[in-house]
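Visitor: I am new to this structure, and I would like to understand how its descriptions are reached. Could you take me through it with care?

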Amino acid sequence: MGKTIFEKIWDRHLVTDLDSATGLILIDRILLHERTGSVALESLAAAGRPVAAPRQAFATMDHIVDTLPGRTDRTIMPTGTAFIEATRRAATAAGITLFDLGDPRQGIGHVISPELGIVLPGLTLVCPDSHTCSQGAIGALAWGIGSSEAEHALATSTLRVRRPGTMRITVDGVLGVGVTAKDLALHLLARFGSSGAKGHVVEYAGAAVRALDVEARLTLCNMATEFSAFSAIIAPDEVVFDWLAGRPYAPQGALWAQAVADWRTLSSDADAKFDAELRVDAADVRPMVTWGTSPQQAMPIGAHVPGHADVAARDTAESHARALDYMGLRAWQALDGEPIDAAFIGSCTNSRLSDLRRAAAILKGRHVADGVRAICVPGSGAVKAAAKAEGIDQVFRDAGFEWREPGCSMCFFAGGESFGAQERVITSTNRNFESRQGPGTRSHLASPETVAASAIAGRIIAAADLKDFVA
Amino acid sequence: MTPFTTLTAIALPLIRDNIDTDAIIPSREMKGTGKTGLADGLFAGWRYTEVGGRVPDPGFVLNDPAYADAQILLGGANFGCGSSREHAAWALAEYGFRVVIAPSFNPIFRGNCVRNGIVPVVLDPAVVGEVRGPLTVDLMAQSVITTGGECHMFAIDAEAKAMLIGGLDAIDLTLQHRGRIDAVRAADRLVRPWVYL
């Protein structure tokens, strides 16, 4: 019987079977950030255990650092400096490459790792961060772990992994105009629920996935953790190889040719069997927005907020009522009449150059609505520089957006900056949990296009409807 | 890590689906770079009347004196979803929880539990919704027994079970395979030289 891409990567990295369900797996790359990486590095050092392969480990500052211009080690988060200093100290002592503040390569881990060619097809990559699944878009097996597992990976270059099941989600057809990978991710969550992938490795396949560029694939794979997946992966193809060529940590010269020849074998065989298969038609996907406090509580923009009967398969009556109460919404109401207080473009989901370009195309020649605070946080120093070279930063500024330094920023509230209680925020991030972006803040997840259009309208609308908007 | 064999304790019901790790330990409560000092921040957003405050909200089950000694937590489906922060497991353990019973778990959270001596027990949603009072969790037998003598069996993989029962350190266990790891890496380096920077 043929093998899935996951099985090919698993078999190649298997050191030994620990029991019938658990393998000892070689880890090729370890990525750390100052929030959860500092504790792993310090704990490892305290135990007197060296890092086995420091050249294959990398650290960045993204979670806690400020994103306001002129930032330093001092943070708005009261104890943030300690995390930055601890990470710097521990990474340096361990001989790990650190993308520190002021380094043009610094940025969100899941943005810079592909950008620098740290993640490559067929690799195993782990990071103590749930959105590590993003990097499966490159054709790697990349997954989020805890800090103890990060210590384990650093000390041994392996992890003890319970072998996940396999799931293929095939997206047939073509996504409509203005429908993005983010909308597809939210569509899948609304349809199959936030437990939908149940610890499986999800392989995204089908014509609509093949048609996505690398950055859109990163967005799609990013939200697999919201799906309770072990990770997500897309078979690497020429689109990926072309995108990776020449990146700083990617192989060069003869080694590049050798690597690409190997990577071309990384697809699921025609007769491979998956433990679960889902199939959707891209034509069914519309621009989406969340109405509740779980990413599965999503709907097409323009639809009415569902009543409990509409979502009874996914939500208990209690969680439905609780979400509506928190969000200050009623069942069956239209969402597009609700004024928004803020708009946020950024995060490991949607902060790459193509995201910013698409948002800027909407913002050009327009201005955000009165009373709306709008913020754009590029995902990395490279994204920021490229945006500047294209004049995109000026488009954002002219439209009334704050233009920030790279980092995770207000995707989540860590005790520093946040949105206000009961403030309604349209956001290109990945989690609409209670108090995620600030105590009592009401987050609506959507694509960068939708965030840009909504910022201008002052209420939640799809970009396609913006031309009809009369201020 | 404290070994786990069997435990009889009060079970606290917090049966909401999709309880995320931001809810278990809000990011703003993770003030230090270590693994301790987190118990007070457990469920802080629901537990206290104000953000950053420490005045207990009497309406939240964790503040109900009947559950003051609870060591078992009953949760809803997809428990521990969201951020990979191991602080969620550290906070639960520091507070005194040794078992979480839920219809399903987020995979990263589940692994974090096992590495911190917390037993993740998967039971049918109907059972989780019904069982109350003191429960006995027997990891050897893979059973949850109610005071009424009702017995519910649960599945757990051999690796997790062995780690929990033995209170084992995963790194020590793995380093026993060091020779094999080095040999596999050396062979792999010849096949995939571009991987090794």
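Guide: Helix H6 of chain A, residues 181–192, has 12 residues and reaches 16 Å from its first C-alpha to its last, close to the 16 Å expected, where the expected span is 1.5 Å times one less than the number of residues. Helices (H or I, at least four residues) and strands (E, at least two) are DSSP runs numbered from the N terminus. This is a predicted model, in which local features need pLDDT of at least 70 and side-chain atom pairs count only at pLDDT 80 or more, while totals for chains, interfaces and linings use all residues. Residues are numbered from 1 along each chain as its sequence is written, and chains are lettered from A and ligands numbered from 1 in the order in which they are written.

Visitor: Why is H6(A) called largely enclosed by the rest of the structure?

Guide: A residue is buried if 20 or more other C-beta atoms, placed from the backbone, lie within 10 Å of its own, exposed if 12 or fewer, and partly exposed in between. In H6(A), 10 of the 12 residues are buried, so the helix is largely enclosed; among them are A:Leu184, A:His187 and A:Leu189. What covers these buried residues includes strand E9 (166–172), helix H8 (214–222) and strand E19 (442–445) of chain A, with contact meaning that two C-beta atoms, placed from the backbone, lie within 7 Å.

Visitor: What makes B:Ala126 count as buried or exposed?

Guide: B:Ala126, which lies in helix H5 (residues 125–130) of chain B, has 9 C-beta neighbours inside 10 Å and therefore counts as exposed.

Visitor: Which element of chain A gives the most to the side that touches chain B?

Guide: The contact takes 63 residues from chain A and 49 residues from chain B, and H5(A) gives the most to the side of chain A, with 7 residues.
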